Every structure is written in C-alpha cells, then in structure tokens.
Amino acid sequence: MIKMFSRHARALALTAGFVGMLGLAACGKQEDKSAAGAAPQAAPARVYVVGVESAYAPFSSENEQKEVVGFDIDIMKALAKKIGIEVKFVPTPFEGFFNFLAQGDRDLLISAITITDERKKSVAFSEPYFVATQTIALPAADTKVSKMTDLKPLTVGTQSATSGDELVQQVLGKNSAKIKRFDSTPLALKELESGGVDAVVADEPVVKNYIANNPNSKLRTVTDPDFPKEDYGIAVRKDDPELLARINKGLAEMKADGSFAAISAQYFGK
C-alpha cells in the first residue's frame with residue numbers, strides 16, 4: 001500500500017512539473033512577442049548648457065523670479081529655436097567663464113563676451129553679433145577726466161577678467177594697487193557712487209543701462225575716442241566645429257529675416 005502510494009505521488013509530481021514547464025514556456029513566448037512588438041523608446045533630446053553672467057544688464061541678469069533675462073538671453077533662445085536645439089541657462093561667474101567651458105560643465109557661453117586674439121587661443125567664437133566699446137564712468141561733478149590717460153593718478157574700478165580691466169592695466173600697470181577689481185560691473189559702479197573709487201571702466205551699454213535705471217547715482221560717462229570697437233561673440237569649445245557652424249548659420253538667418261533686428265530694437269532702439 002505504501003509502495004503504491006509512493007509511485008502514484010511521484011507520477012502526480014512529474015505531471016504537475018511538466019504542466020508547469022509548459023506554462024512557463026508559453027508565458028515566455030508571450031513576453032517575447034510583446035517585447036518584440038513594443039515601439040522603441042526615443043532617446044531624450046540633448047539639452048545644451050549655456051553659461052551666462054547674472055549681473056550684466058541689459059545683456060543678461062536675474063529678475064525678481066530668479067530667471068535670467070536680457071538681450072543675450074532672447075538672442076540665444078531665438079537662435080536655439082532656429083537651429084533646433086534645446087538650451088538651459090546657468091548663471092556663471094565671468095572670471096571662471098572659460099574654465100567652465102573647457103571642463104565640459106558648459107556647452108556655450110554668451111554674455112557680452114569680447115572676441116580677442118588671446119581668448120581665441122582657448123575657445124572658438126561665432127561670427128560677431130554685437131559691436132560695443134568701453135566707457136569711463138565718473139561722478140557727475142568730475143570734469144577733469146576726458147580720456148584714459150587722465151586716470152593715471154586715480155583709483156579705478158573694473159570687473160575682473162574683462163576687456164575694461166585690460167585697458168586699465170595698460171594705463172595704470174598690470175599690478176597697480178590703484179586698480180580695484182569687482183565680481184560685476186554693477187558692484188564697481190556702486191563703489192564709485194560711494195566714493196570708494198574715482199572712476200570705473202566697463203562696457204558702455206552696461207554702464208549706460210545702470211545710470212538710466214539708477215537716476216540718483218549722479219554718474220556720467222566719458223568715451224575716449226581712442227577706445228577700440230569690440231565685437232561680441234558666442235563661445236564654444238574648439239572641438240565642437242559642428243555646433244559652431246550651426247550657430248553661425250542660425251545667426252546669419254536671424255539677421256537676414258529681421259528677427260535679430262527686432263530683438264535688438266527692444267533693448268537698444270533702432
């Protein structure tokens with residue numbers, strides 16, 4: 001009786017196991033069929049990280065909602081749409097701008113960046129999209145300064161690592177103690193208002209924007225006729241020629257179709 005029961009039990013177990021294996025096989029075929037028929041998932045679009053300065057109005061600055069706004073931002077948004085890329089703006093200290101790009105933390109840089117031969121050694125620039133010059137900001141009561149050489153006996157404020165800083169170095173000396181450097185042009189201008197420096201040299205559109213929006217600052221500007229014209233460009237890494245070509249193509253199209261001029265008029269008039 002015991003032996004008969006054992007044989008019967010083994011037979012039942014074998015049958016159950018066989019049926020289970022058939023079920024698993026059928027299930028596997030169903031899953032394979034389902035997986036084979038599933039639509040492939042699209043790869044997420046690449047987002048290009050754009051380094052911008054956050055205190056350089058009217059080109060780029062933060063509003064009350066901590067959003068970066070300005071001429072450069074609007075140009076970059078329109079350009080990105082034109083060439084079919086997505087961009088994300090990240091506030092970046094200007095003094096470390098090019099290091100962030102070189103390390104791959106940023107894909108593009110835009111913030112009134114003057115194209116210079118020295119900078120061309122480490123980054124690639126787009127075709128120029130804006131022409132500017134430097135200016136000297138002074139207290140309104142100061143009538144003695146009319147050109148850069150008049151700054152020699154004075155204490156002059158600049159924004160670190162800018163072309164304005166380089167111009168002041170040419171007059172006062174590279175290591176002059178009379179040069180006071182700041183993280184942003186507005187900070188330098190506030191120091192001028194309080195009497196901490198005698199003058200500030202910086203990009204003319206930025207200085208004039210500051211004075212227009214701070215009518216109680218009692219500042220004036222003087223532009224030395226010998227100041228060179230400066231071209232602003234969008235910076236990319238030298239090993240990304242395809243992106244540079246797309247940017248240049250997009251800028252050319254924006255200038256041709258009038259969209260560039262329309263944005264410019266909003267900030268600088270016609």
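Colleague: Which residues in H9 meet Phe71, Asp74, Ile75 and Ala78 in H2?

Modeller: The model is predicted: local features need pLDDT of at least 70, side-chain atom pairs count only at pLDDT 80 or more, and totals for chains, interfaces and linings use all residues. Residues are numbered from 1 along each chain as its sequence is written, and side-chain values use heavy atoms, leaving out hydrogens and water. With contact meaning heavy atoms within 4.5 Å, the four H2 residues meet Phe260, Ile263, Ser264, Gln266, Tyr267 and Phe268.

Colleague: Are H2 and H9 roughly parallel or roughly antiparallel?

Modeller: Helices (H or I, at least four residues) and strands (E, at least two) are DSSP runs, numbered from the N terminus. The axes of H2 (residues 71-83) and H9 (residues 259-268) come within 10 Å and cross at roughly 165°. Angles over 145 degrees count as roughly antiparallel, so H2 and H9 are roughly antiparallel.

Colleague: Which strands are at the edges of the open sheet of five strands?

Modeller: The order of the sheet is E11-E10-E12-E9-E13, with mixed pairing. Two strands pair if DSSP finds at least two bridges between them, and each edge strand pairs on one side only. The edge strands are E11 (179-182) and E13 (219-222).

Colleague: Which residue in E13 stands opposite Leu138?

Modeller: Strand E9 (residues 134-139) pairs with E13 in the antiparallel sense, over four bridges. Opposite Leu138, the residue in E13 is Arg220.

Colleague: At what angle to E12 does H6 run?

Modeller: Helix H6 (residues 185-194) lies across E9, E10, E11, E12 and E13. Axes are lines fitted to C-alpha atoms, and angles run from 0 to 180 degrees between N-to-C directions. To E12 (199-203), H6 runs at about 155°.

Colleague: Is Ala112 buried or exposed?

Modeller: Ala112 is in the loop between E6 (108-109) and H4 (117-120), and has a positive phi of about 50° although it is not a glycine. Buried means under 20% relative accessible area, exposed over 50%, and partly exposed in between (1.4 Å probe, protein chains only). At a relative accessible area of 5%, Ala112 is buried.

Conventions:
Angles under 35 degrees count as roughly parallel, over 145 as roughly antiparallel, 65 to 115 as roughly perpendicular and the rest as oblique.
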